[in-house]
Every structure is written in structure tokens, then in C-alpha cells.
Amino acid sequence: MEYFINCNTGSLAPYNTPLDRSKAAHLYRRLGFSASAATIDQAEGQNAGTLVDNLINQAINQAPIAAPTWANWNNSNYPEDDQQRDAMVRQQKGEFSLAYANQMLDNNLRDRLSFFWSNHFVTQLEVYNCNSFLYHYIDCLQRNSLGNFKTFVSEIGLTSAMLYYLDGVYNNGNNPNENYARELYELFTLGEGIGYTEQDIIETAKALTGYVERGELGCEQVTFRADRHDEGSKTILGQTGNWGYDDVIDILFEQRPNEIADFICRKLYEFFVHPDSKDAAGNAQTIIDGMATTFLSNNFEIAPVLSQLFKSQHFFDEEAIGVIIKSPYDLYFNLLKESSFNRTDTTVETVINYSGLLSQVMFNPFDVNGWQRDRTWINTNFMIGRWLTIESMLEEFFDEDPEQFRNLGLSLTGMDGMTSNNPDIIARAIIDFILPKGLLNESEYDKAYTVFRSDVQEQYYEGGSTPTWTLQTSMEGPSQVYLLLQYLGRQPEFQLK
């Protein structure tokens, strides 16, 4: 896999050129999990600012996932029999995983972001092991995904999922536990070693005591108990007083606004634009500084920062296209969205399973640092797994309905698909839609053309004695598109977005 140096020198000035297909596809690959040919057709020629405004407003106005019947259950609501209980817990988890995965597929930016934040404010279901905690955690991520970051930090820290995962429920006045205090600074707001000391962590842990009510039933939402809170004086980031949870959040955002802004804007930049924000070849730091200024001037509102970034010349620069390695969910969801093949809940469940096999287990990031993304997704075992699982999915789609492969090709080629005898024109349109920057050179295109031509005799193509082949009429058309997609699935460029 080629190492991409960040040579992007575009500015934060608005990108005012009407979107071509490549730029429109780039926008949807980054703001969501890609899009169909029809959606890209509709976006082509639009103004980036108008389209981004629509996508952001859509995300802000989307309701969070509906509360399941078990949203507030505790262990007393489950069968006493262990096997029955475990079966019910697994069924609930499976149904909720499917519901959330479908929201990721359908909701573009909102759940691109909620999934991003799940890898920032990390918890692991396998640790806290309570479905009702999971629901409220995901609800918090969705409600706050484009909201106010200070509010987000405050709310996420009081979810039972987080309080159990980072040992907040074991943090009491007599015996403070420092885990959450450390991660609040190191992973969630400031960055490792930036703007805080070990003594700040110790004092902050004391201020966060009291959220220890676990009850006797199990899987009960955590509540505050004043008698378990440290009422002594604490000095946090230079401020002294009898601080509690809300005070910690206020002090943090009042005393370290610049550090928070840089840390969060850098993380957003690396996720949405380029994984390398510190390469001297480009101007990433200048962009991050501009984003941070917007973040601060808007009182830590997330939406204005993303609006500025997504409308910018920097975001649409050629150097930003096709330089991020797809996560497993990107890999499969992009294929589903771009192909518009008939998907069912079983298809989505397959994606959840395959992503887990490639080390992206839904609701269970690798550790407290989350999935590290980009190059960590690529090694020998994962590459083979990517190839085989993509081939398996394509085979299932082809076995179910070969004509949907022809339809994909026709949706990308218009009149050419209906009338052209030149298969290379058709193949190129498919290649350039599926791969963000196409193939490396004309030699690589020629190899793909050969695959697409398949076993159809040359005489039926343009230049032959009887050029009767078209994608629309050829009996071999569906299998040709299928073989081309199988071939593309093994190319390095297929791994990029």
C-alpha cells in the first residue's frame, strides 16, 4: 500500500466550483459511507456549500435510534434461568447491532459521526456487559454528534457504560479511582501529556467521586450518592475549591480551551481529510488552526467546524481524494451503497460479522485508545480477509440476481451502456466510480479491460467484423460486470476512500 504524504496546500476558503462526479463522490465517501450512482448524479453540478448545508442540517434534525423495549431493563427483567437469560441478551444485542448498522448505512453524516465518536469516547460492551447501558450510550453519541462538545463531554461521562468501563463506579471519596480522570484529559479532551499533570489527575479523581450506586439487581443505571463524594478542597488546573463533576468540566473548558480545540480539530481533520496532520509538505496545521478558531468562536459547537471544513478548497483538493484506507465498515458499506445491490438484514448482519473478523467489532473497539484506523487495517491476514469476504459478498449478490450487475453498469454509463460496442468505455466508467482516483496508470486500466472483456469473442466488439455487443443487450453483460468488480476488489486502490 502506497504511503500518502500530505501535500494538500488548499485553504479553508470556500470551494465554489460546481462539483464534478469525482468531487461529489469524495464528499459522500467521507461524510457518509459513500452513495449510489443516482445520488452522485444528483450531486454533480451542485454548489458544495449548498450540498454540505443540506447534509449537516439533515444530520442535526435526525432523531436518535428508537428506544427498544429493554432500554431501561435491569437484571430483574430477564429470566432467572441462565441459558434463557443469555439467549435473550444475545438476541437483544443482535437486533440493536442490526438497527444501528442500518442507521449507519442510511443516515450519512449523523451516524458517520456517531460511529467516529464511539471510537473517541471509547467503551467496550464486553466489559460493562449490559444492553440497556449500550442503548443510552449510543443515544448520547447520536444526540451530541454535531452538538456542543462541552455538553457532549459532560453527558458521556455520566453514562453508565462509561462509568463502568473506566471504573467511575469504583471511584468513591474513601478510595478514589483515577482511570476516568486520566482518560478525560489524555484521550477525550487534551491529548497525552498536554496541559495537565499527574497531580491534576489525582485531584480530578476526587472531584468525580460519588457516582457509585450499583444496586443489588445488576445492570442498574448509575446514580450519584452524596455520601460517597469527596467534600474536601481540590486544586484542578490551578483552580482550588470543593469541586464536583460539573465543576471539573467547567474548569477544563475554561482553563484549557486552546488545547481542547487543537486536539479535537486535529482528530476531526485526520478522520475526514488525511491521516497525517503533521506533514511539513502540506499546510494541515494552518487548516487545524483555522478550525480551532472557529470551534472557540462558536463556544465549542461541532457543526460550524465541520461546515467550514467540508466546504473548503482544502477538503476538495485532489491531494485529499483517495488517501485514507477504508475501515472494514467502510469497505463493505461503500460496496453496498455504490452498487445499490439488493440488500436485506441478512446482508447487513454479514457485514457486521465480516467487520468483526477483520478486527472492527461493533461496540467493542480494540482498547481504550480505540481502533487506530488507516494503516493498522492493512496487514497480510487482513488483506486476504478483505479480498475473500468482498468476493463472497459479490458472489452472493450475483447468485441472487445477476441482472443487478448489468443495472449497475447501465446506471454509470447512460447512452454508452445502451449503444456503445466499446467495452473499454463501459469498464472505465465502472472503475472510475468504484475507485476514488481510478487505477494507477493506463497499463493497469488495460489489465482491467481484459478482465471485463472476459470470454466474449473480439469480433462482437467495436472494430470486429460484427460489432453487436452492448452492455444492455449482451447475455454476458452481468457476468462481465461481476468479474470486473471481483478484480477491482483485489486492487490496492479499492482499499482507499
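Which helices each supply at least two residues of the lining of the largest pocket? In this predicted model, they are α5 (109-118), α10 (179-189) and α13.

**The largest pocket**

- The volume of the largest pocket is about 820 Å³.
- Its lining is made up of 37 residues, and K267, E270, W371, Q372 and R373 are the closest to the centre.
- Helix α13 gives the largest share of that lining, with seven residues.

**The nonpolar core**

- In soluble globular proteins, nonpolar side chains tend to be buried together.
- Here the largest nonpolar core holds 159 residues, and the most contacts inside it belong to W117, F149, Y185, F272 and L485.

**Helix α8**

- An α-helix has 3.6 residues a turn, so residues three or four places apart point the same way.
- At the start of α8, N148 places a side-chain oxygen within 3.0 Å of the backbone nitrogen of K150.

**The disulfide**

- Searching the whole structure turns up one disulfide.
- The bond joins C130 to C219, with an S to S distance of 1.7 Å.
- These two cysteines link distant parts of the chain, 89 residues apart: C130 sits in the loop between α6 (125-128) and α7 (131-144), while C219 sits in the loop between α11 (198-207) and β1 (234-236).
- The disulfide is right-handed because the torsion about the S-S bond of C130 and C219 is about 70°.
- Both C130 and C219 are buried.

**Other cysteines worth a look**

- C265 is too far from any other cysteine for a bond, because the closest cysteine sulfur, in C140, is 20 Å from its own sulfur.
- With a relative accessibility of 0%, C265 counts as buried.
- C7, by contrast, has a relative accessibility of 33%, so C7 counts as partly exposed.

Terms used: Residues numbered from 1 in each chain as written. Predicted model: local features only at pLDDT ≥ 70, side-chain atom pairs only at ≥ 80, totals over all residues. Heavy atoms only, no water. Disulfide = S-S within 2.5 Å. Helix = DSSP H or I, 4+ residues; strand = E, 2+ residues; numbered from the N terminus. Buried < 20%, exposed > 50% of the residue type's maximum accessible area, 1.4 Å probe, protein only. Polar contact = N/O pair within 3.5 Å; in protein donor to acceptor, adjacent residues only side chain to side chain. Core = buried A, V, L, I, M, F, W, Y, C linked by side-chain atoms within 4.5 Å. 1 Å grid on protein atoms, 1.4 Å probe; cavity = no way out; pocket = protein on both sides within 12 Å on 5 of 7 lines; lining within 4 Å. Points joined across faces, edges and corners; volume = space filled by probe spheres on them.
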